[in-house]
Amino acid sequence: MKIVVVSDNHGDREIIQKIVDHYEGKVDGIFHCGDSEFKQGDPLISKLHLVAGNMDFEPFADHDLTTIDGHTILTTHGHHQNVNSGLLTLKLYGRSLGADIVLFGHTHQLGAEMEDGMLFVNPGSISYPRGQYAPIGGTFAVIDGKQDTYEVQYYDRQLSSIDQLKFHFSS
């Protein structure tokens, strides 16, 4: 399983188009964790597993649950799970839906961690990053999942891998 994860472009359609053009057909899915600010009818929507963020005013789903190669992937924005205050509520939500990978945004800060057999990935904001890695200028993630291992590699807006932001996890 190989997927792309992006979030919080806040109306910057061009960068999502660039990512879709580069990865479509090369990965098992492109997951968008909300705050796209896309309008209904935008052709990019059909190319994404897209959820609603707190700044989306179109009726997108609150979450997406997808299974690829035995990996159950929950995508949500995270604002309803209070991710600014930690991952506990998000973890309980993911567990209640049977997820083993949880993708979220909202904080605009990238992060990847494994907890109790569940992989949590925040790709950061592709357009308005915050925190320690904000100087990169926007990030997204590619997750390569095998039977019991995951590799999470972060990329910048030029689609270049960021060497110091590559993580390996075992479930």
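**Salt bridges and the fold**

Analyst: In this predicted model, the protein has 2 helices and 11 strands. Along the sequence they follow the order β-α-β-β-β-β-α-β-β-β-β-β-β. The C-alpha atoms fill a box of roughly 35 × 35 × 30 Å along the principal axes. A compact globule of 171 residues would have a radius of gyration near 16 Å, and the 14 Å of this protein agrees with that. Buried residues account for 53% of the 171 residues. Of the contacts between residues at least 6 apart in sequence, 50% join residues at least 24 apart.

The charges come next. The structure holds 7 salt bridges, among them R157 with D12, R13 with D42 and K91 with E115.

In the bridge between R157 and D12, the N to O distance is 3.0 Å. R157 belongs to the loop between β10 (149-156) and β11 (161-170), while D12 belongs to the loop between β1 (2-6) and α1 (13-23), so this pair ties together parts 145 residues apart in sequence. R157 is partly exposed, at 23% relative accessible area, and D12 is also partly exposed, at 21%.

R13 pairs with D42, with 2.8 Å between the closest N and O atoms. This pair links distant parts of the chain, as R13 lies in helix α1 and D42 in the loop between β2 (29-32) and β3 (49-50), 29 residues apart. R13 is partly exposed, with a relative accessible area of 31%. D42, at 16% relative accessibility, counts as buried because the cut-off for that class is under 20%.

K91 forms a salt bridge with E115, and the closest N and O atoms are 3.1 Å apart. K91 is in helix α2 and E115 in strand β7 (residues 111-115), so the pair ties together parts that are 24 residues apart in sequence. K91 is buried, with a relative accessible area of 11%, whereas E115 is partly exposed at 28%. Salt bridges with shared partners join K91, E115 and D116 into one network.

Helix α2 (residues 88-96) also contains R95. R95 is partly exposed, with a relative accessible area of 42%. Apart from neighbours within four places in sequence, R95 is in contact with D116 and M118.

Note on methods
Residues numbered from 1 in each chain as written. Predicted model: local features only at pLDDT ≥ 70, side-chain atom pairs only at ≥ 80, totals over all residues. Heavy atoms only, no water. Helix = DSSP H or I, 4+ residues; strand = E, 2+ residues; numbered from the N terminus. Buried < 20%, exposed > 50% of the residue type's maximum accessible area, 1.4 Å probe, protein only. Contact = heavy atoms within 4.5 Å. Rg over C-alpha atoms; globule rule 2.2 N^0.38 Å. Salt bridge = Lys/Arg side-chain N within 4 Å of Asp/Glu carboxyl O.
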